[in-house]
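Please find below a colleague's note on the structure shown here.

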Amino acid sequence: MRKRPLILASVLAVATLLLSACSGSNNSASTSTGGSSFGAYEKDKAGGIVTFVASAAGGTLDPKVNYTAQYWQLYQASYDGLLGFKYADDAGSFEIVPNLAEALPEVSNDGKTLTFKLRKGIKFSDGSDVTVNDVKASFERIFKVLSPTAGGFYNGIVGADVCLKAPATCKLDQGVVVDAATNSVVLNLVAADETIQSKLAVPHAAINPASAPAKDAGTTIIPTTGPYMYKSYDPNKELIMVRNPYFKEWSHDAQPQGYPDEIHFKFGLTATAQVTAVQNDQANWMFDPIPSDRLNEIGTKYADQVHIQPLTAMWYLPMNVNLAPFNNVKARQAVNYALDRAAMVKIFGGEKLAAPVCSFLPPGFPGHVDYCQYTAGGSVESPASAWTAPDIEMAKKLVEESGTKGQKVGIVVSDDEVNKQMGEYIQSVLTEIGYKATLKPISGNIQFTYIQNTNNKVQISLSQWYQDYPAASDFLYILLSCGSFTPGSDSSINMAGYCNKALDVKMQKAMTLGLTDPAAANKMWGDIDKEVMADAPVAVAFTPKQVDFISKGTKNYHFSKQYKMFVSQLQVK
Amino acid sequence: MSINEPASVTLSESPGKIALRTLARDRRSWISLSILGVILLLALIAPFYASSIAHTDPFKSTLNATINIGGVTRQVLEPSTEGLGLGITPIGPTGRPGAYFLGADNQGRDVAARLLYGARNTLFIGASAALVTILLSLLIGLIAGYRRGFVDSVLSRLLDVIWAFPVYLLSISLSVVLLTSGLSLGFIHVGPGSIALPIFIIGIVYIPYVARPIRGQVLALREREFVRAAVGSGAKHSTIIFREILPNVLPSVLVFIPIMFALAMLTESALSFLSIGVQPPQASWGTIINDGLGLLYTRPVVALAPGLLIVLTAASLNLFGDAVRDGLDPKTRARGDS
């Protein structure tokens, strides 16, 4: 998941999660309550309006299509799947709990069949009942609307291969078998999938009414099941969420009642204006990265309102392997060598907020290995243990050898302050190593989908990836497998267009191995990481931390590693 | 000089000489030309300043650069050491002409060097766009006013179309469209990101503001006795236009030049500020203000310095324009206002 446009990032092993949770508590100005679920609902603290601010909207409101952290954070309080991630702080938020299903699934047939029982009495926000037919229709809708994870997450459902080829007529009669009499849902997989339960807990697997449109709903509102529903959405102005009158808490762990009466998300404010709005209590929280110009101020004068949280995420540069000059591996490696990760960390706000990396799997993630091929003194054959400094001379040499020197390169970035500064830096680096680089900042509202579509002929871009669920496949398989590359589609999350069939087979093997021997699987993922980065379809820059700046009057801040701040649990009364 | 003490005018002198003499006596022209001269000089020495004085490349990001000040090595982008230790602040004005005289921007680049390079682009685009406007306006005004009839109607309606759009709205729209695709007009090809684009765009959008008064003036001149005499004597159209009408229109054109220069410069700065004019890493005063926008709280000089230069230049050009107008206006000269 991408931060603005959306998410899908990677996974953290439980031990690592616990470790990072501890370190997160140390680094954060906030108080952490550990991995347990929240206390009982305090009715007297409910009410009021929570206001968020952002420079731009996050695109479509359709939970099956949107892939941004900006809206996944909201979906958490509005849409539900059969399973969900637990409402708990830090690492506890990776625990999968039954949500619209009564219990975790019964797994049979060597892991290929999962049987659920749908809870009774749950209604959508339009008053209609949630039925097993809605469940089946929702799974089919993943393919009909060309969800960005249709090919990466749900291609293992029986019948998905046909649906991927003919989305409009998708039928999953064999893959999702429902029985209205018993309220049961049987999910049949082609092969066992160690991460299937995580995939069923993310918003793309949310249950929508069967009547939901068979295309991207865009700004059309789809009824919800959670404590909040969407009242209005104008991407140029504001998104308003109000209480769902039909919501009754069915699981405090999966979907607790929310505190604010309304959640307003206002768009169009610069990051600096957002900081000021939060300082003045005109907004409760800001979405965009805090401009470096204001970080010192809030880190000194407003330290008690700042929460710094470690993330399993990365900022990276996908390079289009099917377009010149980056269809040449040496050109891609040159960019990796030239990139001064420490400089990018500075733009992001300094060492307290980010750390340079150059492996694909972030530090602390399952399968992560400490190595860096593209650093001063490192090479593909003999990687260093960590990134230390750029090697501009090597980069220039590779550009010469690739025969791409002097070619034009367009860099597409979001137009917020931090991304634009990053873009200017990248432009400077590409110019230095011999390219004619131009910067193309475009609205964050569309940048994420724009850079995915091959029709836009994006050569290199800047993007972010935040984990969807804790597993290495969420980074490597989702971002760089052949199945995640769909030419001509806005939902082609493999932005580099990288398709290495031999590595695809290895990734499949690693996922299968994970069912029986997670340690061996993680080792295999580490090897795959190195092989991928030898081809350098992307340049990984740094792993960021989340800085949440909330207003003085905002209470009950809780942070989930899965979805970040729990929006429904904020108290303003 | 008071009204009761009219300027001495030698009737045998040509109007041009009289105007120049009047201009030379006008303090406004000296003040404005002095300021413009200094700014122009600074723009011209930009490469020398960057390479030989500041020893910096103003177009290259140097986020990890360091500078030695008084024997102490400091990072150009300094990490915070207070509170939670968040954020990086570019070094402020050092006051030393050697390097970072006005501090650094958020890419670690020397603001003073960029300011000088920015002056080159801003002044060049402003002057070129004003020239495009003046030349095309003169052409259109002369043809429309002299030919009248159908030709005048067509040209006037074309001007009306451009006039119908607010200048900035039209400039922004054209810039957004042409910024990524570039411009191809017959054999003219301008690539995306070229500074020829803002010159072309700004040059076009101001045409009605100059062409219409010129046309009006030509229409009036067309009816004057000396023009009728020339027509009656069988002079060629080109002779009438260039020998009888143009010299009488030129004073107005000369007055327009500094004013259009100022307007074009302001428009260029606005477009560059909106990231649709001069493209990074090139600098113009507008782009530097944009760079400084993110540093208003910690390093306001990054935005204020180009802002001040824009104000000074625009004010000087307008002041000079006023002086030129008065110098060319016989009524003002007769009153001795200057």
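Which residue in strand 2 of chain B does Asn68(B) stand opposite?

1. Asn68(B) faces Thr73(B) of strand 2 of chain B. The model under review is predicted. Strand 1 (residues 66-69) and strand 2 (residues 72-75) of chain B run antiparallel and are joined by four bridges. Two residues lie between the strands of this hairpin, and Gly70(B) adopts a positive phi near 60°.

2. Chain B as a whole contains 13 helices and six strands. Its C-alpha trace spans about 85 × 55 × 30 Å along the principal axes. Of its 338 residues, 43% are buried. Among contacts in chain B with a separation of 6 or more, 69% are between residues 24 or more positions apart.

3. The interface of the two chains brings 27 residues of chain B into contact with 33 residues of chain A. On the chain B side, strand 3 (77-79) and strand 4 (88-90) are the elements that contribute two or more residues. By class, that side of chain B comprises ten nonpolar, 15 polar and two charged residues.

4. In chain A, three strands form an open sheet with parallel pairing, in the order 16-15-17. Strand 16 (436-442) and strand 17 (460-461) of chain A each have a single partner strand, so each is left with one side lacking a neighbour in the sheet. Strand 15 (residues 408-414) of chain A is linked to strand 16 of chain A by seven bridges, and Ser414(A) is placed opposite Ile442(A) of strand 16. Helix 11 (residues 417-432) of chain A lies across strand 15 and strand 16 of chain A, at about 165° to strand 15.

5. One joins Ala324(A) and Pro325(A), with omega about 0°; Pro325(A) belongs to the loop between strand 13 (313-318) and helix 8 (329-338) of chain A. Another runs from Pro280(B) to Pro281(B), with omega near 5°; Pro281(B) sits in the loop between helix 10 (237-273) and helix 11 (285-293) of chain B.

6. Most residues other than glycine have a negative phi. Asn109(A), however, has a positive phi of about 55°, in the loop between strand 4 (106-108) and strand 5 (113-117) of chain A. Asn109(A) counts as exposed because it has 12 C-beta neighbours inside 10 Å. Asn183(A) likewise has a positive phi, of about 60°, and lies in the loop between strand 6 (176-179) and strand 7 (184-188) of chain A. With 17 other C-beta atoms within 10 Å, Asn183(A) is partly exposed.

Methods. Residues are numbered from 1 along each chain as its sequence is written. Chains are lettered from A and ligands numbered from 1 in the order in which they are written. This is a predicted model: local features need pLDDT of at least 70, side-chain atom pairs count only at pLDDT 80 or more; totals for chains, interfaces and linings use all residues. Two strands pair if DSSP finds at least two bridges between them. Two residues are in contact if their C-beta atoms, placed from the backbone, lie within 7 Å. Axes are lines fitted to C-alpha atoms, for helices over the stretch in contact, and angles run from 0 to 180 degrees between N-to-C directions. Ala, Val, Leu, Ile, Met, Phe, Trp, Tyr, Cys and Pro count as nonpolar, Asp, Glu, Lys and Arg as charged, and the others, Gly among them, as polar. A residue is buried if 20 or more other C-beta atoms lie within 10 Å of its own, exposed if 12 or fewer, and partly exposed in between; C-beta atoms are placed from the backbone.
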